[in-house]
Amino acid sequence: MSSSSMLQASISSSSSAFFANTKINFNSRAQNVSLPAKPVGVCTCVATPQAEKTAFKTQVSRNVNIAKLQAGYLFPEIARRRAAHLQKYPDAQVISLGIGDTTEPIPEVITSAMAKRSHALSTLEGYSGYGAEQGEKPLRAAIASTFYDNLDIEEDDIFVSDGAKCDISRLQVVFGSNVTMAVQDPSYPAYVDSSVIMGQTGEYQKAVEKFGNIEYMRCTPENGFFPDLRTVARTDIIFFCSPNNPTGSAATREQLTQLVQFAKDNGSIIVYDSAYAMYMSDDNPRSIFEIPGAKEVAIETSSFSKYAGFTGVRLGWTVVPKQLLFSDGFPVAKDFNRIVCTCFNGASNISQAGGLACLSPEGLKAMHEVIGFYKENTNIIVETFESLGFKVYGGKNAPYVWVHFPGRSSWDVFSEILEKTHVVTTPGSGFGPGGEGFVRVSAFGHRSNVLEACKRFKQLYK
């Protein structure tokens, strides 16, 4: 078949009406093709927009309490701004002194114990599956003897977990939605956010940057970062962190005695966060249970994260004394145990092997060395800002430096530092309205990065 015949055959039948009165000579390249004239009207082509696809929606309503939360959680928001900064300045050497994430390697005496336990899982003799949700008995006993010796805290008062932050939320489930709560202002944002999610709070009040139904206990340089309890309203739950994140302040024995008595007078429960106790330099209590009567009104939560570099390994604990009772006389520990058994399968057995190694004589020595390194970083940061004329707080008893920028927005200072020095810090207002005008600088960083960051601070604010 000739090429012209093939072309003719390929014309679809749908086109035949168009070509019916048309004579085309496919054998002549130069001939014109004439079509009979037909009267035609004006044809207007209009593009019809495609209908937007509507996403399928379920009939399940969103949790109205989560909808109350303002923007994102503080530290993911900082990470988002850091990523945006790197897009703008792809070649910048960004140094992060914002989120309190450890940077130095875990001591080998600890990792070798985890490696040994991990390898044992590949043997019949060493394999283990689910463990006790409350934690392995040797680790619970070691925590009791190391941190609560002579404080009448027993191993079965201790619940081993995957970290203090996780336990805060589990405790909130125990307390439920019909409780009132108080927090230090400023404070670690997980306390407030978990309360909002549980439905314990009112709406966010933008004018004062507070949630309704939360008692914000203002902590300022003027009151030594300890609230004036005479002005604090009675609440069911009191969250209290010492040494404090973010201010770095530590409550004295006298102050904690006042706090315990305040809780007793009001029938409240203190949730005491001691995650930085090993950073304490002053002769202040490392545990709330050093205060007489605290076991009747307090829970303590802590973590290996900032002691052993376990921010990724995940291991912590919470102490719920038998003496702590609800208003009907029921032990709080029994309800917490029920929540733990329902919501948690226990900390990783490999992590717990690391925790046990942390509390050996060699492990404790290694942890103190790592903590000492971060405390040296803290001194460098404090000296830098003091030399520039800033009022600086914290640092002595915690790995955080609380720098005052009076009259300025914390987020503006954060942005200024990031834009002009490529250093990430944390805006104080992210910890509550009491943090406005402050910036938190973390001491968690490689020494070379801390020195370089301080050099840039001096260039910016000299």
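Me: Hi! For contacts in the protein chain between residues at least 6 apart in sequence, what share join residues at least 24 apart?
Reply: Hello! That share is 73%. Keep in mind that this is a predicted model.

Me: Noted. And what does the secondary structure come to?
Reply: The protein chain has 14 helices and 15 strands.

Me: How much of the chain is buried?
Reply: Of the 462 residues, 47% are buried. As for the surface, the chain exposes about 23500 Å², and carbon and sulfur atoms supply 53% of that area.

Me: Let's go to strand E3. Why is E3 described as largely enclosed by the rest of the structure?
Reply: Five of the five residues of E3, which covers residues 181-185, are buried, so the strand is largely enclosed.

Me: Which strands does E3 pair with?
Reply: One is E6 (residues 214-218), joined to E3 in the parallel sense over five bridges. Another is E7 (residues 237-241), also in the parallel sense, over three bridges.

Me: Great, found them. Switching to E12: how many of its residues are buried?
Reply: Four of the five residues in E12 (residues 400-404) are buried, so this strand too is largely enclosed by the rest of the structure.

Me: And its pairing with E11, parallel or antiparallel?
Reply: Antiparallel, over three bridges, with E11 spanning residues 392-394. Gly394 sits opposite Val401 of E12.

Me: What about the hairpin of E11 and E12, how many residues lie between the strands?
Reply: Five, and in that hairpin Gly395 takes a positive phi near 90 degrees.

Me: How many bridges join E12 to E15?
Reply: Five, with the two strands running antiparallel and E15 covering residues 438-442. A handy pair to look for is His404 opposite Phe438 in E15.

Me: Last topic, helices. At what angle do H6 and H7 cross?
Reply: Roughly 35 degrees, with the axes of H6 (residues 164-175) and H7 (residues 189-198) coming within 10 Å. The crossing is right-handed.

Me: Which residues make that contact?
Reply: H6 brings Lys165, Ile168, Ser169, Gln172 and Val173, while H7 brings Ala190, Tyr191, Ser194, Ser195 and Met198.

Me: So how do those divide into nonpolar, polar and charged?
Reply: Five are nonpolar, four are polar and one is charged.

Technical notes:
Residues are numbered from 1 along each chain as its sequence is written. This is a predicted model: local features need pLDDT of at least 70, side-chain atom pairs count only at pLDDT 80 or more; totals for chains, interfaces and linings use all residues. Side-chain values use heavy atoms; hydrogens and water are left out. Axes are lines fitted to C-alpha atoms, for helices over the stretch in contact, and angles run from 0 to 180 degrees between N-to-C directions. A crossing is left-handed if the near helix is turned anticlockwise from the far one by less than a right angle, and right-handed if clockwise. Contact means heavy atoms within 4.5 Å. Ala, Val, Leu, Ile, Met, Phe, Trp, Tyr, Cys and Pro count as nonpolar, Asp, Glu, Lys and Arg as charged, and the others, Gly among them, as polar. Buried means under 20% relative accessible area, exposed over 50%, partly exposed in between (1.4 Å probe, protein chains only). Two strands pair if DSSP finds at least two bridges between them. Accessible areas come from the Shrake-Rupley method with a 1.4 Å probe; for residues, only the protein chains shown count as cover.
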